[in-house]
Every structure is written in structure tokens, then in C-alpha cells.
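Hello,

Here is the structure I promised to hand over. Please open it alongside this note, and then read on for what turned up.

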Amino acid sequence: MIEQGQIPAAAVLPGELELAAQLGVSRHTVRHALGVLTNEGLLRRERGRGTTVVATTSPRIIERSLDTFYAFVWEARARGARQRSYVLERKVLEADADFSKRLALEPGTEIERIVRLRTADDDPLVLETAFFPRELTIALDAAALERESIYDEIERLRGVRVTRARESIRPIVLSRPVARLLRAASGSPAFSVERTTWADHGPIEWQESIVRGDRYLYSVELPRTAP
């Protein structure tokens, strides 16, 4: 009904009991269907506000290949999407023992934590928290963080060539605060992606990203080697 235009975007749906009666199905079936459509991005369910239609077509699943180095900005531009990052926090810290090891720094060295909400065509997709040596990010302004790739800017401003990264990916469910930022349902599936990024001289970034599970698919080529 939503996809055929019988229920327009921004419409508020009746309650579960009323929908069940109208459609001739059980309340359990209605509740399950609402959950599926919410995870697919067609509906938004909010306590006290009901269920609202937010789109009339399912959003496109983004396939992220793990065969090569990638950045969010590069991906968005390759798809022809309008990319913007909202800077939620910039904070200078002193590297503790953990980050000294992650970034190969002396304890107490200044590092910067940068938290950004990454969007494409105004659709929030990733909540990213990244840590860099402060000397690499001190020259980055708000415009660069909102519109450009940090990797490109570091290479341009500091002459540091990014060479590779290692990622660990695990499934999680979204907490209520993060779900609100990503405009997803609390408890919906997501990926936690931890990345260490290296340049010519060593590690330059440790990052944790929360990625919407309803919008991303990870893939990798598996060449067979000779026995």
C-alpha cells in the first residue's frame, strides 16, 4: 500500500489493532510487518507519536567491498550521492596507554577525538568516532570535516600518504541515543567497525564506526590459492 501510493509519505498509520481489523490479519502479523518496514526505512515508530511513513520506496542497500581501501566520501561521490558530515565533537586528549599503543605514540602525546555523523543525500548512515595524532588534524577546519575526506586533507596539508587499514567488524544492535541520531529504530541491527589506518611512517588513526545494518552489505572476494 505504501509503495503503490495508497498511503503517502508523512502519513500517520492507525494503531496495531485498527490495522489488524482493516487488513483482516492478526495483531502479531501487523506488529511483525511494522518492524520489518521500519528496519527497511519505510516507517518510523516513536513512542507517543505513533508510526509515520517516511518513504514510499525502500532505500538502496549499499554494498561495501572489503577488497580495497575506502572512505565514506569516496563511496558517496562514486554513487552520485550528496555527502555531508555533521561534526558532533572535537576534543583534544592526552594519549593513555591504550592509545599510545594503538597509534604508536609516547604516553601523554596530544590526540584529537573527532565524532561525525556521516550522511548521504541527507540520510544518516554512519556514526564515526576517530582518533588522530593532534599534529595531523590541527589544520583541519569545519568545512573540511563536513565536506571532504580526512585522508585527502591530511595528504594535502601534511604530505602524509595513507597506505592501508585493518578493520574488525561485528554485529550489534542500536542503543536508543545512537538510533535516534541514525533515524533508525532502537534495537535494530547495525555493524560496529573498528579500523586502524596506517601511513608510510606508521599508524595515524584508530576509528570506531556504527554503521546501519539495514543499509549496508559487506562483501569480499575470496580467490582460491593453489593447494
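To begin with, in which strand does Arg212 lie? Arg212 belongs to strand β9, which covers residues 202-212. (Helices are DSSP runs of H or I with at least four residues, strands are runs of E with at least two, and both are numbered from the N terminus.)

Two notes on the source before going further. The model is predicted, so local features need pLDDT of at least 70 and side-chain atom pairs count only at pLDDT 80 or more, while totals for chains, interfaces and linings use all residues. Residues are numbered from 1 along each chain as its sequence is written, and side-chain values use heavy atoms, with hydrogens and water left out.

Back to Arg212. Arg212 counts as buried because its relative accessibility is 4%; buried means under 20% relative accessible area, exposed over 50%, and partly exposed in between, with a 1.4 Å probe and protein chains only. Its side chain reaches the backbone oxygen of Pro124 at 3.1 Å. That is a polar contact (a pair of N or O atoms within 3.5 Å; within protein, one must be able to donate a hydrogen and the other to accept it, and residues adjacent in sequence count only if both atoms are side-chain atoms). Not counting residues up to four places away in sequence, Arg212 touches several residues, including Asp123, Leu182 and Pro189; contact here means heavy atoms within 4.5 Å.

Ser149 sits in the loop between α6 (142-147) and α7. Ser149 is buried too, with a relative accessible area of 2%. The side chain of Ser149 reaches the backbone nitrogen of Tyr151 at 3.2 Å. Leaving aside neighbours within four places in sequence, Ser149 is in contact with Ala71, Val73 and Trp74.

On a 1 Å grid over the protein atoms alone, a cavity is a set of points where a 1.4 Å probe fits but cannot get out; a pocket is an open set with protein on both sides within 12 Å along at least five of seven lines; and lining residues have an atom within 4 Å of a point. Grid points are joined across faces, edges and corners, and a volume is the space filled by probe spheres set on the points.

The whole structure has two cavities of 30 Å³ or more. The largest cavity holds about 220 Å³. Its lining has 21 residues, with Phe72, Arg118, Glu128, Tyr151 and Gln207 nearest the centre. Among the elements that give two or more residues to this lining are α3 (72-78), α7 (150-158) and β9.

The largest pocket has a volume of about 720 Å³. It is lined by 26 residues, and those nearest its centre are Arg44, Ala179, Arg183, Ala184 and Ala185. β1 gives the most to this lining, with four residues.

What does β1 pair with? Strand β1 (residues 43-46) pairs with strand β2 (residues 50-53) in the antiparallel sense, over four bridges; strands pair if DSSP finds at least two bridges between them. Leu43 has Val53 as its bridge partner in β2. The two strands form a hairpin with three residues between them, and Gly48 in the turn has a positive phi of about 85°.

Finally, the second largest pocket has a volume of about 300 Å³. Of the 18 residues lining this pocket, Met1, Ile7, Leu13, Leu23 and Leu37 are the closest to its centre. α2 gives the most to the lining, with five residues.

Best wishes
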